[in-house]
Amino acid sequence: SGSGPTPITSATRAKALLAVALPRPIATGHAENKFVLVSMPLPLNEEGALARMKAAKEAITWVKESWVVHLMWLMVKAVTALRVPALAREATYGTMQRHTVVYSCLPGPTEPVRVAGAVLDEVAVFYPNLIPQVIALTYADSVFVTLSMAAADVPDPAVLAAAYQAELEELAAGFSVSL
C-alpha cells in the first residue's frame, strides 16, 4: 500500500480554510492581526475554470457575510483565554487535518512602493503552514499568488505548474484579459 497524494476525481471532496479579516480599532497603539480561518468547500468538480471561480466566489461571499466568522472569533478567543497549550494544539492540528488548503487573499498597496530608493516591481508572500497554503496579494494593479507546500506532496511539480497555468489561461480568456 503506497502513500502519496490522492488523485482528484468526480467524487473528491475538499475543504479550504479561508482567512477572513475582522474589523479592528484603528488606534490600538500596536500592529495586530485580527482574523479567523473559516471552513469552506472547494469547488473541484465544477466544469471549467470560470464555473469553479464562480462557485468559489459564492462560497467566499457566503462565509464573509455569515455569522460563522464572528462565532469562530469568539471560539478562538475562548480557547486562547484558557491558556491550555494542549487544547490549542489539538484544535489547530484537528482543524488542519480536516482541510486541504489554507487560502488567503490580501489587499496590498494600490500604488507602487519604493524600497531602498527603488520601485518594487513584484511581491511574493510565503507563510509556512501544516497544510498547503495559497496566498493571493494584490499590488499596484496586479495579483501575485504563491503556493507553498511540502515537496513530498508534489511528486511531479511540472504537472502542478502546467495545471495552474492552464487554469489561469482559461480564466484570462473568459475575462478577456492577458496574463
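## Exercises on a predicted chain

The chain's secondary structure comes to 4 helices and 7 strands (DSSP runs numbered from the N terminus: helices are H or I with at least four residues, strands are E with at least two). This is a predicted model, in which local features need pLDDT of at least 70 and side-chain atom pairs count only at pLDDT 80 or more, while totals for chains, interfaces and linings use all residues. Residues are numbered from 1 along each chain as its sequence is written, and side-chain values use heavy atoms, leaving out hydrogens and water.

**Exercise 1. Find where confidence is lowest and highest in the chain.**

Start with the scale: pLDDT is the predictor's confidence in each residue, from 0 to 100. The chain has a mean of 85, and 90% of its residues reach 70 or more. Next, go through the elements: helix H3 (residues 85–97) is lowest, at a mean of 85, and strand S5 (residues 118–119) is highest, at 95.

**Exercise 2. Check the span of helix H2 against its number of residues.**

The expected span is 1.5 Å times one less than the number of residues. H2 (residues 68–82) has 15 residues, so it should span 21 Å; its end C-alpha atoms are 21 Å apart, which agrees. Just after H2, look at Arg83, where phi is positive, at about 50°.

**Exercise 3. Describe the hairpin of S6 and S7.**

First, count the bridges: 7 join S6 (residues 133–139) to S7 (residues 142–148), and the strands run antiparallel. Then find a pair: Tyr139 has Ser142 in S7 as its bridge partner. Finally, turn to the 2 residues between the strands; in this hairpin, Ala140 takes a positive phi near 45°.

**Exercise 4. Is Leu50 buried, partly exposed or exposed?**

Recall the cut-offs for relative accessible area: buried is under 20%, exposed is over 50%, and partly exposed is in between (1.4 Å probe, protein chains only). Leu50, found in helix H1 (residues 49–65), has 37%, so Leu50 is partly exposed. For the chain as a whole, buried residues make up 23% of the 179 residues.

Terms used
Pairing = 2+ DSSP bridges.
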